[in-house]
Amino acid sequence: MKVSDVILGPIVVAIGIVTLVAASMQPKPFFGSGYGGGFFPSIIGIGLFGLGAMLTLAGWSKRNEAPLLVFGDWIRSGRHIANAAAVIGALLFYILTSDALGFVISGFVSLFVVLVQFSRAPLISLVIAIVTILLVKTVFQDILLVPLPWGILEPYSGSLTWR
Amino acid sequence: MAVIYDAFVALMVPNVLVVIVLASVFGLFVGAVPGLTATMAVALLVPVTFFMEPLPAIAAIVSASAMAIFAGDIPATLLRIPGTPSSAAYTDAAYRMTKQGKAELVLGAFVVTSATGGLIGAIFLMFFAPVVARFALNISSYEYFWLACLGLTSAAFISPGSPVKGAISLLLGVLTAMVGVFPVTGQPRFTFGSTTLYGGVGLVAALIGMFAIAEILRFALSTEPAPKAVKTKIGNIFKGLVPEIWRFRRRFADGIAVGTGTGVLPGAGADIAAWISFAIARRFTRNREEFDKGSLEGIVAAGGANNASVSSAYVPATVLGIPGDSMTAIVIGVLFMKGLTPGPAIFQHQPTLIYGIFLSFILANLLMIPLGYAAIKLARYILDVPRQYLMPVIMMFCVVGAFAMDNTLIGVVTMLVFGIIGWFMEENGFPIAPALLGIILGRMVEETFLTSMIKAQGDFLQFFTRPIAGTVGAITILIWLSPLLMMAWRRLGRRRELAARGAGREV
């Protein structure tokens, strides 16, 4: 997805302005050098403002050469859009449900969906998803002691781990 | 010398050695699969190293990065796809030789030059870094401020593509670093009212997002068909190799020297080392025709250069805490997480650790010959790994890795956000490495500036009156002004030309 500099430039300028405003709201220190938490952010804001303006000007001078927005070939392929949607969707699903359902269930669903979407081979995907989840659970939860959420499997946590 | 012996003993512990071998195999695999970069290998390793002692943790990163940079040459030779960006410089040259049926020779040259380059870089690192560290003990926050500025500046300027976009990427990284509690007053800053952001944006989660999730998204949207490997039987890769390399020994030496030098520069990494040394080899070749038709000359130079720079990038990283490339940036992050502050003092307080890191470079580069040989023999299988299964599995490891850093879901959210931003930036020609350096150096620039200002009681001139600070400061400001000076110079030149033309017309 190539966006023209004529559009990206103003976005960077806008980020710069927001940074400047946010920096000006930082409290001034009462003691010390007089440089507060807003000092560096305001330099960054000015920098982004200036660079964004440069980018806009550069894009404007080439406005006839480059279209405003060019999508990759994937825009015409429903499958590729679904691929990306599956990755982002699976991650969002994991973020939203892992506390309630637990790592094993949420992780399995996320992984299986992306595997099937990428490969179109449900049986192999199922095997890979199960093996991966078990491997990750064993390595991270049982060996490295990362507190991955148990979720609804909490009552069975005693029998599901060898620790 | 006693220190080196201690470090050697510390390294020769069975579990450290096992970690090094496993990390090497991992690095070889990730580097050899097209679409998985060396930085991604390191980013994925960090959550695992989090649970190790400092020495095995860094040794694992060292071996994985050295192996991945070498392994990137394998798909470059067999598929014409660089396995990591640092193989891109000579991908065409290597593939041209493969088509002439010389794949064995090229792969053999890559193993030998990579290992030699890495070894020489490591020896340079081992003897040069302590000298610089002794010198650097005298420097204070003023010098650190300018060195961090210089690191940030070269990150933006040396990055491939448009310098404006490099600089924007850098500033966005620095802006990310500003999130969290402001160290001087203890006030929260840019935390959007969320207490989970008081500690700042999770570095590891952000870099897993930028380097792994972004890559998975790119794969998901890639409409290119899976690459087909050249079906060539790989026999003895070392046959007839020594005379060929000996023939180009001058280029080889040049390449290693260029790579070592590039690595020391903050912000310039293995990919830039490979580009520069390949260009130099082409410029100074005696036989340009043979060079372009397919010869080992450029390959020998650049293959050694990128691995040499991986080693020497640890000079600024360990001595000053300023990353030489994106992989050492991660190493600095890991050292901080272990409660160790990279800098000259670490050479006095933790000499065993520092020399252990240096020795692990030597060990990793020695291991590269047998393991690299095995990887080349197995290349057909590695390159044929179905990526439609591999990518989702990596995604799952990313999720757990991002979670494991502080055991909160915020890490996973950060990873997703930075993954999408990273993908979008890369699509539009914004380089990612400056953003990473910005995240790591941003805090350092601010802290050293404020400390210096408090010490100097607001007297800004203090930044220039100390000799080293003044010199580094002047260089940094000159680099900042260089685009303006160049523009003025060009405009002046054009005006002169126009004036000359105008004068000509009048006559």
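A definition before anything else: an angle under 35 degrees counts as roughly parallel, over 145 as roughly antiparallel, 65 to 115 as roughly perpendicular, and the rest as oblique. The model is predicted, so local features need pLDDT of at least 70 and side-chain atom pairs count only at pLDDT 80 or more, while totals for chains, interfaces and linings use all residues. Residues are numbered from 1 along each chain as its sequence is written, and chains are lettered from A and ligands numbered from 1 in the order in which they are written.

Now the helix pair. Helices here are DSSP runs of H or I with at least four residues, strands are runs of E with at least two, and both are numbered from the N terminus. Helix α5 of chain A, residues 122-143, packs against helix α21 of chain B, residues 387-404, at an angle of about 25°, and their axes are 11 Å apart. The axes are lines fitted to C-alpha atoms, for helices over the stretch in contact, and angles run from 0 to 180 degrees between N-to-C directions. α5(A) and α21(B) are therefore roughly parallel to each other.

Who makes that contact? Two residues are in contact if their C-beta atoms, placed from the backbone, lie within 7 Å. From α5(A) the residues are I128(A), T132(A), V136(A) and F140(A). From α21(B) they are Y389(B), V393(B), M396(B), F397(B), V400(B) and A404(B). By class, this contact has 9 nonpolar residues, 1 polar and no charged. The classes are these: Ala, Val, Leu, Ile, Met, Phe, Trp, Tyr, Cys and Pro are nonpolar, Asp, Glu, Lys and Arg are charged, and the others, Gly among them, are polar.

Next, the whole interface. It takes 51 residues from chain A and 42 residues from chain B. On the chain B side, α9 (163-177), α10 (203-221), α21, α22 (410-427) and α23 (433-455) each supply at least two residues. Which of them gives the most? It is α21(B), with 11 residues. The side of chain B that touches chain A has 32 nonpolar, 7 polar and 3 charged residues.

On to the chains themselves. Chain B has 25 helices and 2 strands. Its radius of gyration is 23 Å, which agrees with the value near 23 Å for a compact globule of 507 residues. That radius is taken over C-alpha atoms, and the globule rule is 2.2 Å times the number of residues to the power 0.38. Of the 507 residues in chain B, 59% are buried. Buried means that 20 or more other C-beta atoms lie within 10 Å of the residue's own, exposed means 12 or fewer, and partly exposed is in between, with C-beta atoms placed from the backbone.

Chain A has 6 helices and 2 strands, in the order β-α-α-β-α-α-α-α along the sequence. Chain A has a radius of gyration of 24 Å, well over the 15 Å that the globule rule gives for 163 residues, so it is more spread out than a compact globule. Buried residues are 34% of the 163 in chain A.

One last residue. A88(B) sits in the loop between α5 (73-79) and α6 (91-99) of chain B. Leaving aside neighbours within four places in sequence, A88(B) is in contact with P82(B) and D271(B).
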